[in-house]
Amino acid sequence: MVTSSGRPLFVANDLSPLHEGCINSRLKVASVCGGGIYRNQTFSILYCPLCSLGFSDPIPTEDTAHLLYEDRESFDFQPNESQLVTNLKMAAARRDLKSFCNTVVASAATMLDYGCGNGTYTRAIQQLFPDATVIGADLHSSSPHALRPEDYASYEDLFTMQGVFDFVLCRHVLEHSYDPVGLVNRIAKLLKPCGVLAVEVPSLKTGVKHLFGKYWDGYYAPFHTMHFSKVSLAATLQKAGLTVFRQGGAEMPKMGRSIQNVLNCKYNPILFATGIVLQPLQIGVGLLTGTSVCLRAWGRKSNP
């Protein structure tokens, strides 16, 4: 069901992926402005101390959530960028992937960018690992403009690719999920024995969010249904049957879009440049608070 305006119908967030008693233990920790087309609406951030997981409330129904993404116009697909911005993001993606992949996937022959969005990271993986077979996957039936059709698979296509990949990258996908444990379990089936899944999500406990309060872009409600801590991210992978062998943090420019939320305006190149210029401040706050804007975890599939 959708509203008369065609937007998703919101419901209370009653998801409990890590702890059955979670819904009875949640505390409201913030009231935040929505992201994207919902920036004039207010959402709650709830936190469960039992599982160290946060929840946006309310959220679209699971049946209508796909409407947030089907036109590729949300920030998750970064539409209508200039060529300069595209080139800068590609350079940043290549640099980011060097730390993300490191020696973990040095010998990977088959690689998947799960939730590839506009394809930037898929292309960056292809450039860094030219001898590997690399594809991107997302919910749409057709590939984004940045990728050739043969370098893309829809989520439905992946059902035929179980046990195919040495490495799967899953950046900023789990926080959109209604069942993160089930999602990781499905992704794990795509891995070969001893294959590696690398995950990145926004951090619920980043210190820099206090500079912006309810306007912090990392909340991005209602697109983000859940908000992870280091503990809950590791628990998600472990509950899905993977062995977590490494965890860490990462930075990505978030201050430009947070300022956009404060100004309640459209995103533009000036805000993009502002986020880049303020990146050292963001990193400095992280160093002072011992936190990061994003969290990473690497999980390995067992060898039966």
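In β9, Asp-113 has Leu-169 as its bridge partner. That pair belongs to strand β6 (residues 110-114) and β9, which run parallel and are joined by three bridges. This is a predicted model, in which local features need pLDDT of at least 70, side-chain atom pairs count only at pLDDT 80 or more, and totals for chains, interfaces and linings use all residues. Residues are numbered from 1 along each chain as its sequence is written, and side-chain values use heavy atoms, with hydrogens and water left out.

**Seven-stranded sheet**

- An open sheet of seven strands has the order β8-β7-β6-β9-β10-β13-β12, with mixed pairing. Two strands pair if DSSP finds at least two bridges between them. Strands (E, at least two residues) and helices (H or I, at least four) are DSSP runs, numbered from the N terminus.
- β8 (152-154) and β12 are the edge strands, each pairing on one side only.
- From one strand to the next, the twist averages 20°. Axes are lines fitted to C-alpha atoms, for helices over the stretch in contact, and angles run from 0 to 180 degrees between N-to-C directions.
- Strand β7 (residues 133-138) runs parallel to β8, with three bridges between them. Asp-138 has Ser-154 as its bridge partner in β8.
- Strand β9 (residues 165-171) runs parallel to β10, and six bridges join them. Leu-169 stands opposite Ala-198 in β10. Arg-171 stands opposite Glu-200 in β10.
- Six of the seven residues of β9 are buried, so the strand is mostly covered. Buried means under 20% relative accessible area, exposed over 50%, and partly exposed in between (1.4 Å probe, protein chains only).
- β10 is largely enclosed by the rest of the structure, because nine of its twelve residues are buried.

**Four-stranded sheet**

- A second topic is the open sheet of four strands, ordered β2-β3-β4-β11, with antiparallel pairing.
- β2 (27-33) and β11 (226-228) stand at the edges with a single partner strand each, so one side of each is left without a neighbour in the sheet.
- Neighbouring strands of this sheet are turned by 25° against each other on average, direction ignored.
- Strand β4 (residues 53-57) and β11 run antiparallel and are joined by three bridges. Gly-54 has His-227 as its bridge partner in β11.

**Helices α3 and α4**

- The axes of helix α3 (residues 180-188) and helix α4 (residues 230-239) come within 8 Å and cross at roughly 50°.
- α3 and α4 are therefore oblique to each other. Angles under 35 degrees count as roughly parallel, over 145 as roughly antiparallel, 65 to 115 as roughly perpendicular, and the rest as oblique.
- Pro-180, Val-181 and Val-184 in α3 meet Thr-236, Leu-237 and Lys-239 in α4. Contact means heavy atoms within 4.5 Å.
- The residues of this α3 and α4 contact divide into four nonpolar, one polar and one charged. Ala, Val, Leu, Ile, Met, Phe, Trp, Tyr, Cys and Pro count as nonpolar, Asp, Glu, Lys and Arg as charged, and the others, Gly among them, as polar.
- α3 lies across β6, β9 and β10, running at about 145° to β10.
- α4 lies across β10, β12 and β13, running at about 25° to β13.
- In α4, the buried residues are Ser-232, Leu-233, Ala-234, Thr-236 and Leu-237. Their cover includes β4, α3, β10 (191-202), β11, β12 (243-250) and β13 (294-300).
- Gly-241 follows α4 and has a positive phi, near 95°.

**Helices α5 and α6**

- The axes of helix α5 (residues 255-263) and α6 come within 7 Å and cross at roughly 130°. α5 and α6 are therefore oblique to each other.
- Gly-256, Ile-259, Gln-260 and Leu-263 in α5 meet Leu-271, Thr-274 and Gly-275 in α6. By class, this α5 and α6 contact has three nonpolar, four polar and no charged residues.
- Phe-272 is found in helix α6 and counts as buried, at 13% relative accessibility. The C-alpha atoms of Phe-272 and Gly-256 are separated by 5.6 Å, with the two residues 16 apart along the chain.
- Ala-273 lies in helix α6 (residues 269-277) and is partly exposed, with a relative accessible area of 36%. The C-alpha atoms of Ala-273 and Pro-253, 20 residues apart along the chain, are separated by 9.8 Å.
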